Amino acid sequence: APGWLRRLCGHLLSERLLRPSGVQAVVRGVLEGTDGAAGAEAAALDWRKCDAVGKILAACPQQCLSLEDYYRQVCPQILDLLHMQDKAAARQFQRVATTTVLSMAREQPQLAERHLLQPLLAPLRRCSGATELALEDLAAGAVLVPEAELGSCVEDVLKVYVVGNDSSSLLLGSLQPVLGVVFSLYSFARQNVSYLRSPCQDILLWFLEKAEREQSLAVLEGLAGLSSHVPTLHPQCQLQVGSEGGAAIVLQETSSDEDEALYQKISLEQCHVESLVELLSHCQKSGLAGDFFIHCLKELTQVAAEDEEAPNPAVEPGGTLLELEQEQARQERKLLVLQLVAALCQGVSDTVFTDIEQVQQFLAAVLQRACAHPARGPGAAAEAQTLAMAMGLVAAVLGGAVQLKSSDFAVLKRLVPLLEELSRSYPEPLTQELASDLRTAILTHGACSPGSLGTAAHGLLGRQPGTAARRPAGRAPGAPGNGSTGQSGGREPAASAAPRAPSPAPGGLQELLVSACDPQPPGRAAALRRLASLVTQRHPEAVRLQEKLLQVFLENLQHEDAFVYLSAIQGIALLSSEYPERILPVLLAQYERPAQAKEDTMAAVTRMKLGEVLMRVTRALGDMVFRHREPLIRAFLRGARDPDGALRASSLSNLGELCQHLGFQLGSIIQEVTCCVTAIARTDPEAEVRRAAVHVVVLLLRGLSEKVTEVLRDVLRDLYRLLKHVAAAERDAATVLHAQLALEELDSAMRRVLFPPQTLEKKIVVLP
C-alpha cells in the first residue's frame, strides 16, 4: 500500500484504540474475515497474526501525549480480552492478550508491572501474608476473594505466565510473592474436589522449572515453612469450598478452643508437606527434587548442631519469655525439618538423584552429620543404620554398580576429608575401617579396593534374594577380584582375585557365624549370604556344622530387616536342598508348631517365611520332591486351618504351587486337598483366604493339563460345582475372577480330551 494510505489507516486505528472498548474493536478489525469457529481456530493458531496485533497494541500511538496515560487506558481492556465469553473467538483474543502483555513487559517493564501484572495478580495479593488487612471493617466469615474472581485470576495467570512461557526476570519476580497463596490453594484443592488443582500445579511447576536453581530451592523452602522467602496465605484467611467447584477466601473465625486450633494447625502443616512432596515428584527428572532433598538433609545437620550448642531455657532457671518463644520456634522448625525428610524419603522414588554430583552431595550430608554427631543416645541405632546404608552406597558405586569416569572420581574426592575424619574419630571400629577402605578406593580410582567394600555393597544390594549365591564368591557386584564378600566389616584379610574365593579356615567360618549376629543389617546380611555360598560349595566345615548353620539361619528369619531375613531364607533353602533328609523334618516341625498366645502375630509372620523356604526347596528338589509329598501337603493343610487369615492364605498358595508341581503324582491325597479347598472356598470369612482356595484349583488344573480327567476323575465333578458356585454367589470380585479362570482351564482341558486335534498323516502302502 502507498505510504499515505498506511499512515491514514494507522491514524484511524489509533483513534479507535483510545476510545472506550477500543482494544476489542481493533482486535476484531485486524482479525476480521475469520467468521465461524473454524476461522477463529485458524486465526488462533496463526501466531504471526496474533504477534502482529500484540505489537500494535503494545506500541503507543503518536497522538497520545503520555505513555503512562496510554497504559492506564489500554491495559484494563487488554486484561478484559482474557475473559471473552464468545467461545468461537475466545482463543484468538486470549492469545492476542498474552502476546500483548509479554510485549509490554519487555518494552516497558515498570509500566507493565504497575498497570498489567499487579491488577492481574490483585486477588492473590489481597490475601497474602505480606498484606495488611483492615480487620476492623470486616466480620468473621466475610468473603475477601469470591469464588468467581479467584478462579478467573488463577486461569489468567495460567494463560499469561504458563501458556505465554516467557521466563523473564520481571514475570518470575512478579509471580514469586503470590506463590504461597497459589500453593495453599493447590494443597486445598488436593483435599477436595476442585478444578483449580491442575492449573495451580502447572503454575507452581512452571516457576520451579524456569527459575534459577537457587531461587527455586528458596521458594521450596518458603513453601515448606522453613523460611519467609515466599509470603504464605494470611494467617487470618482461610479457603472455603465454592459452589461451582472452585474456592473462595474468607476471613477466619477465631476459635476459643486451643486444642482445636492446634489440631487445625498441625493438620494444615501435614497437608502442606504432603502437597510439597507430590509437587516434587514431578520434578525428579530435572534434579530439583534431589537438590531439595539434599538441602533438607543439610538443614537437619544444622538443626542437630544447634541442639547440642543451644541451652534449653525451659530447664534453665531465669529464662526470659522471649527466649522461651525462640526455643519454641526452634523446636517447631526442627519438627518440620524431620517431617519433611521423612516425607521425602517415603514419597520420592529411588530415581531422585539424577547424577553423581547429587549422589556426592547426599553422601556428604550424611557423612558430615555422622562426623559432627556420632551415633549416641536414643536414636543411635537409626543414625548408625543410615550411616551404614550411605557407606554401602559408596561401596556399591565404587564396586561397579555405576560406570564411573575420571570426572566422577574428581567429584567423589570431595568425600575424602569426611571419610578420613570418620576413620579417625567414629566410635565404631568396623565403621572406621570401612571409611578408611573407601577413602583408599576413591583416591586410587578403584584400582586398590580392599575386601571390606564387598560387605557394604552386598548389604545395600541384597534387596534381590539369590544374587549373592549366583555370583562367584569373593566379588562385589560388577567388580571382579575385589576381595571376599564374606568378610564382616573387614575382619578377614582380602582375598586374591580369582574365579572363586579360597575356602575359609575353621576360624574364618566361626567368625562368619559371629558376624551373622552383627547388630548392623548390612554386615549381618553379607555374612548370611557368604555362609549360604559355603553350603553350595559343600565346604567340609559347613557340612559338619550344618545344624549350627540352620539354627543361625532360623534365628535371622525373625529379623525385621528385609535384607537379613531374605538372606536367611536363601540360606535355609540352599541348606535344605543339599541335605533334605536332615533339614526338611526340622523345617516342617517349625512350620506346624502352634503359636503362643502373645506371640501370635510374630509367629505367623515367621511361619509364612518358612513356607517360602519350603516352596524354594520344592522347586530345587524337582522330581525328588515326591519322596516328601505327604509331610509337605499335611503341613500346608494344617496351615490352612490356622486362626491367622494371612497364614491360611499363604498355606493355600503354597499348597497350590506344590500340587501344580506334583501333577499326576498327587495320588489318593487329592481327596483331602479337594475337601479342604471346597470347605474353605465356601465358608471362610475372609475374602483373601477364599481367593487363595480357588487359586489352588487354578494351579492344579494348569499343572495337570491334559491329565485332568485321569488324575481328577473322582473329584472333577465336585470341583466343577465348587467353581460354578463361587462364580455365581461370591461377593469378592478377585475370587470370582479366579473361579472364571479355573473354569476356562477346565473347559480347555475337556475340549482337548473330547475333541482331540485332527492330524493329517501320509501313509505309503506297498501292494503285493
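Asp-257, Glu-258, Asp-259 and Glu-260 gather on the surface in a patch of negative charge. The structure discussed here is a predicted model. Asp-257 counts as partly exposed, with a relative accessibility of 40%.

The side chains of Lys-265 and Glu-332 meet with a separation of 3.6 Å, N to O. Because Lys-265 belongs to helix H13 and Glu-332 to helix H15 (residues 321–347), this pair ties together parts of the chain that are 67 residues apart in sequence. Lys-265 is partly exposed at a relative accessible area of 39%, and Glu-332 is likewise partly exposed, at 38%.

The count of salt bridges in the model comes to 21. Another of them pairs Arg-114 with Glu-68, whose closest N and O atoms are 3.0 Å apart. Arg-114 lies in helix H7 (residues 109–126) and Glu-68 in helix H5 (residues 67–80), so the contact ties together parts 46 residues apart in sequence. Arg-114 has a relative accessible area of 41% and is partly exposed; Glu-68, with 24%, is also partly exposed.

Arg-690 is part of helix H33 (residues 687–704), while Glu-730 sits in the loop between helix H35 (716–729) and helix H36 (733–754), so the pair ties together parts that are 40 residues apart in sequence. Both Arg-690 and Glu-730 are buried. Elsewhere, salt bridges that share partners join Glu-68, Asp-69, Arg-72 and Arg-114 into one network.

The aromatic residues come next. The structure holds three aromatic pairs. One of them is formed by Tyr-70 and Tyr-71, in an edge-to-face arrangement with 6.1 Å from centre to centre and 80° between the planes. Tyr-70 is buried, its relative accessible area being 0%, and Tyr-71 counts as buried at 1%. The ring centres of Tyr-161 and Trp-206 are 6.1 Å apart and their planes stand at 75°, so this pair, too, is edge-to-face. The pair links distant parts of the chain, with Tyr-161 in helix H8 and Trp-206 in helix H11 (residues 197–210), 45 residues apart. Both Tyr-161 and Trp-206 are buried.

Most residues other than glycine have a negative phi. Asn-165, which is not a glycine, has a positive phi near 55°. Asn-165 is placed in the loop between helix H8 (147–163) and helix H9 (169–175). Its relative accessible area of 42% makes Asn-165 partly exposed. Arg-538 also has a positive phi, of about 55°, although it is not a glycine. Arg-538 lies in the loop between helix H24 (521–536) and helix H25 (540–544), and it is partly exposed, with a relative accessible area of 46%.

Technical notes
Residues are numbered from 1 along each chain as its sequence is written. This is a predicted model: local features need pLDDT of at least 70, side-chain atom pairs count only at pLDDT 80 or more; totals for chains, interfaces and linings use all residues. Side-chain values use heavy atoms; hydrogens and water are left out. Helices (H or I, at least four residues) and strands (E, at least two) are DSSP runs, numbered from the N terminus. Buried means under 20% relative accessible area, exposed over 50%, partly exposed in between (1.4 Å probe, protein chains only). Patches are made of residues with over 30% relative accessible area and no salt bridge: like charges are joined within 9 Å, nonpolar side chains (Val, Leu, Ile, Met, Phe, Trp, Tyr) within 5 Å. Accessible areas come from the Shrake-Rupley method with a 1.4 Å probe; for residues, only the protein chains shown count as cover. A salt bridge is a side-chain nitrogen of Lys or Arg within 4 Å of a carboxyl oxygen of Asp or Glu. Lys and Arg count as positive and Asp and Glu as negative; His and the chain ends are not counted. The place of a charge is taken as NZ of Lys, CZ of Arg, CG of Asp or CD of Glu. Rings of Phe, Tyr and Trp (its six-membered ring) pair if their centres lie within 6.5 Å; planes under 30 degrees apart count as stacked, over 60 as edge-to-face and the rest as tilted.
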